[in-house]
Amino acid sequence: MKDASEYLAHVKALVIAAPYIVHWKVVREEAQGDIGLFRYQLTLADGGMLEMFERFQIENENLIVTKYSFHWQDANGSLRKRWDNARHHPEIVTQPHHVHEGRENNVAPHNPVSAEEILEIIRQSAFSENLPE
């Protein structure tokens, strides 16, 4: 990636190309040189929702995600998973990186993630059987 605008275009292209995303909305988007952020709300084909937030910078053409939260819920509004790097779970070995699984208080260690990785996780775990190759 050469700058923040190029990365935003890349993420949007992934969202548009994903057959399991039926609608998406830009809540916020900023790009200033090498620094940027986005917040998107995605409606999934199964009626679920994914809210994606990422603050990032491009350094030597490499992506560095500085803050993120990816909130995935099912069609009934129940939390499936939320990956984030808020510093509110010092007991987690991978802190500040962690994932909430199924319930807010069910917190587990998790390695840092990016928007591209989350879109792939969701595709594989929820939609892989029903998608064309």
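Which residue forms a salt bridge with arginine 39?

1. The partner is glutamate 51, and the closest N and O atoms of the two residues are 3.0 Å apart; a salt bridge here is a side-chain nitrogen of Lys or Arg within 4 Å of a carboxyl oxygen of Asp or Glu. This pair links distant parts of the chain, with arginine 39 in strand β2 and glutamate 51 in strand β3 (residues 49-59), twelve residues apart. Helices (H or I, at least four residues) and strands (E, at least two) are DSSP runs, numbered from the N terminus. Arginine 39 is partly exposed at 30% relative accessible area, whereas glutamate 51 counts as buried at 19%; buried means under 20%, exposed over 50% and partly exposed in between (1.4 Å probe, protein chains only).

2. On the basis of the model: it is predicted, so that local features need pLDDT of at least 70 and side-chain atom pairs count only at pLDDT 80 or more, while totals for chains, interfaces and linings use all residues. Residues are numbered from 1 along each chain as its sequence is written, and side-chain values use heavy atoms, with hydrogens and water left out.

3. The structure holds six salt bridges, including one between the side chains of lysine 12 and glutamate 29 (3.2 Å, N to O). That pair joins helix α1 (residues 4-17), which holds lysine 12, to strand β1, which holds glutamate 29, across 17 residues. Another of them is formed by glutamate 101 and lysine 81, with the closest N and O atoms 3.9 Å apart; glutamate 101 lies in strand β6 (residues 98-101) and lysine 81 in strand β5 (residues 79-84).

4. There are six aromatic pairs in the structure, where rings of Phe, Tyr and Trp (its six-membered ring) pair if their centres lie within 6.5 Å, and planes under 30 degrees apart count as stacked, over 60 as edge-to-face and the rest as tilted. Tryptophan 24 and tyrosine 40 form an edge-to-face pair, 5.4 Å centre to centre with 75° between the planes, and this pair links strand β1 (residues 21-32) with strand β2 (residues 35-44). Tyrosine 40 is buried, with a relative accessible area of 0%; its ring centre is 4.6 Å from that of phenylalanine 38 and the planes are at 20°, so this second pair is stacked. Tyr7, Trp24, Phe38, Tyr40 and Phe56 form one aromatic cluster.

5. Serine 69 lies in strand β4 (residues 62-73) and touches, among others, Glu51 and Trp83, contact meaning heavy atoms within 4.5 Å.

Notes. Lists of a residue's contacts leave out its neighbours within four places in sequence.
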